[in-house]
Amino acid sequence: MDFELNKTQELFRQMIREFAEKEVKPLAAEIDEEERFPAETVEKMARLGIMGIPVPKQYGGAGGDNIMYTIAVEELSRHCATTGVIVSAHTSLCIAPLLENGTEEQKMKYVPKLASGEWLGAFGLTEPNAGTDASAQQTTAVDGGDCWILNGNKIFITNAGYAHVYIIFAMTDKSLGTRGISAFIVEAGTPGFTVGKKEKKMGIRGSATCELIFEDCRIPKENLLGKTGGGFAIAMKTLDGGRIGIAAQALGIAQGAMDETIKYAKERKQFGKSISAFQNTQFSMADLHTKVEAARLLVRRAAFKKDKGMPYSVDAAMCKLFAAETAMEVTTKAVQFHGGYGYTREYPVERMMRDAKITEIYEGTSEVQRMVISSKMFR
Amino acid sequence: MDIVVCIKQVPDTTEIKINPVTGTLIRDGVPSIMNPDDKGGLEVALRMKDSMRANVTVITMGPPQADAILREALAMGADRAILLTDRKFAGADTLATSNALAGALKCLKWDLVITGRQAIDGDTAQVGPQTAEHLGIPQISYVTDLVHENGNMFSARKETEDGYQILEFETPALITVLSSANKARYMSVRGIVEAYGKEVEVWGADKIDVPEEKLGLKGSPTKVKQAFAKGLKGAGEFYEVDPEEAVSIIISKLKEKFII
């Protein structure tokens, strides 16, 4: 049993922490206010190898592990949850399914460009009528002889418009239910594929979240990812991995709100003393600190199991459920401790509270996580 | 071209506290970092690696845990790392330190030696110049930019109190660099992943040809009498006025403080 990071992970944390403080933090409020995708930050991250942390070197990645990847998403999200989710969606939802299900040709064609950050990746599963019930896919893919012809709409797609590669799910045989869903690799710019309206969101406002529209979009036959009918299993497995990334994002948001609140509580004086001198502050912050640490242990354990090749589906659901709810609780209380100031955009905690909410929703709502966790409990 | 960069592990003095009773540094819980001026020097060397394929070796004298900054240097892109560590080096002042470094440098092949201007824990700015003297090579201190002219000709921008000088020089030479010279690069993720798989050469006192009485405490003619944190200066006051009024403000302020 070992609860410490190894030396490589420590060294990585030192780098990513400094990078987040110097390069990410100064932009966080601005990209939120302007709802602007931080392309310049993505470029900087690409140069350092942050867009391909857990990707093997033979596919152009850094050859790091998933613990390092969660440290990256946590440290980035500590200052800017938008930056955290860009990396998470790219790494967990696009590169991972390619690595896990792609043919050698597909991996060699797409992964090096994604891992180097030259290309950005995205994932399209959700539809207007297929949210938590992801099996209700209405997008179709018809065998067109030498190609697949895609028709339908995807919504709420992270990195849309900026991504070069999209993993898209579509029905190839409706009569087979979930076994009739297949996964496809769709490149930006393919005729018949357009990016639709950009959502105006409560939080993670710098993240590009858009609709994808497929109208007789013809993609090469070799862009089928995995087997025909194997798409739903790919989607579920991909989301298991993605949840660890989102849990790390939630953990980062919670830690960021803790940092801000501790700083503020020491500075803010009421009734002649710092509000940190009041037992209400001390006890509440002690509880929150404990929850943040517990969330961190759950995130690290899930990442550890993934690195070791152990089953981690339930661990991923647990860490996401707990970290997301912790982020919501910590940020809400952080605003409360800041009082009126916390409700203004002069302080970052109101943004953190808005950002935290999405972690309870995307890549499976908290209710879905509870379904996953309890699914094998009563067998 | 071969460059050796001398680096030092220091406590992060932005987080340092002094024990008011003993006057010594409280190092518990204070993170150790690569000295900022040294990092600036390493960046100068790595830019020479980028532009003219220079070979960059980093060397540090310190306790075994100074290995950490060598790993950091490797992750930033240094090619070779050497840790000078031995009980015989312990307690060294600037002279004994420069004796050891110069001894180690005599065992290496180089065209240029780069050190930081000064370390944030001692603030002496002596080790670089002393090392150059031991090696009998020219030195330029307070460098903020280095440009390769041709062959073994370089030009350096040296900061002075009232401006700067552009100096041309030939290698072999030693320069001391300011952290403000550049924005040092981050370690790359792949560099980090590979850093602990690389070799850090560990050299003891027997590896270098320097008499024992010139090393460590024995070789140190100076002793630390007292350590103190730099006091914080109060915030300055700004006046945007014409020169005549400025003079009278300055005079009245100096009189206020009984300076004149």
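User: How many bridges join β3(A) to strand β7 of chain A, and do the two run parallel or antiparallel?

Analyst: As a general idea, strands of a sheet pair through backbone hydrogen bonds, either parallel or antiparallel. In this predicted model, β3(A) and β7(A), the latter covering residues 209–220, are antiparallel and share nine bridges. One position shows how the pairing is read: the bridge partner of G152(A) is F214(A) in β7(A).

User: What joins strand β2 of chain A to strand β3 of chain A?

Analyst: Four bridges connect β2(A), residues 140–143, with β3(A), residues 147–158, and these strands run antiparallel. Here D143(A) faces W148(A) of β3(A) as its opposite residue. The two strands form a hairpin with three residues between them. Within that turn, G145(A) has a positive phi of about 85 degrees.

User: Turning to helices, at what angle do α8 and α10 of chain A pack, and how far apart are their axes?

Analyst: Two packed helices are described by the angle between their axes and the distance between the axes. For α8(A), residues 313–342, and α10(A), residues 366–375, the angle is about 145 degrees and the axes lie 9 Å apart. The crossing of α8(A) past α10(A) is left-handed.

User: Which residues in α8(A) meet which residues in α10(A)?

Analyst: On α8(A), the contributors include V314(A), A317(A), M318(A), L321(A) and A324(A). On α10(A), they include Q369(A), R370(A), V372(A) and I373(A). By class, the residues of this contact between α8(A) and α10(A) divide into seven nonpolar, three polar and three charged.

User: How many helices and strands are there in chain B?

Analyst: Chain B contains six helices and 13 strands. Its C-alpha trace spans about 60 × 50 × 40 Å along the principal axes. Of its 260 residues, 38% count as buried. Taking contacts in chain B between residues at least 6 apart in sequence, 70% join residues at least 24 apart.

User: In what order do the nine strands of the open sheet in chain B lie?

Analyst: The order is β11-β10-β9-β12-β8-β1-β6-β7-β13 in chain B, with mixed pairing. At the edges are β11(B), residues 163–170, and β13(B), residues 200–203, each of which pairs on one side only. From one strand to the next, the twist averages 30 degrees.

User: How do β9 and β10 of chain B pair?

Analyst: Strands β9(B), residues 139–150, and β10(B), residues 153–160, are antiparallel and are paired over six bridges. In this pair, D145(B) is set opposite R157(B) of β10(B).

User: Which strands does α2(B) lie across?

Analyst: Helix α2(B) lies across β6, β7 and β13 of chain B, and runs at about 170 degrees to β7(B). Helix α3(B), residues 94–106, also packs on the sheet, where it touches β1, β6, β7, β8 and β13 of chain B. The direction of α3(B) makes about 145 degrees with that of β6(B).

User: Finally, how many residues does the contact take from chain B and from chain A?

Analyst: Twelve residues come from chain B and 14 residues from chain A. On the side of chain B that touches chain A, the elements giving two or more residues are α2(B), 67–76, and α5(B), 189–195. Of these, α5(B) gives the most, with five residues. This side of chain B comprises eight nonpolar, one polar and three charged residues.

Notes:
Residues are numbered from 1 along each chain as its sequence is written. Chains are lettered from A and ligands numbered from 1 in the order in which they are written. This is a predicted model: local features need pLDDT of at least 70, side-chain atom pairs count only at pLDDT 80 or more; totals for chains, interfaces and linings use all residues. Two residues are in contact if their C-beta atoms, placed from the backbone, lie within 7 Å. Ala, Val, Leu, Ile, Met, Phe, Trp, Tyr, Cys and Pro count as nonpolar, Asp, Glu, Lys and Arg as charged, and the others, Gly among them, as polar. A residue is buried if 20 or more other C-beta atoms lie within 10 Å of its own, exposed if 12 or fewer, and partly exposed in between; C-beta atoms are placed from the backbone. Two strands pair if DSSP finds at least two bridges between them. Axes are lines fitted to C-alpha atoms, for helices over the stretch in contact, and angles run from 0 to 180 degrees between N-to-C directions. A crossing is left-handed if the near helix is turned anticlockwise from the far one by less than a right angle, and right-handed if clockwise.
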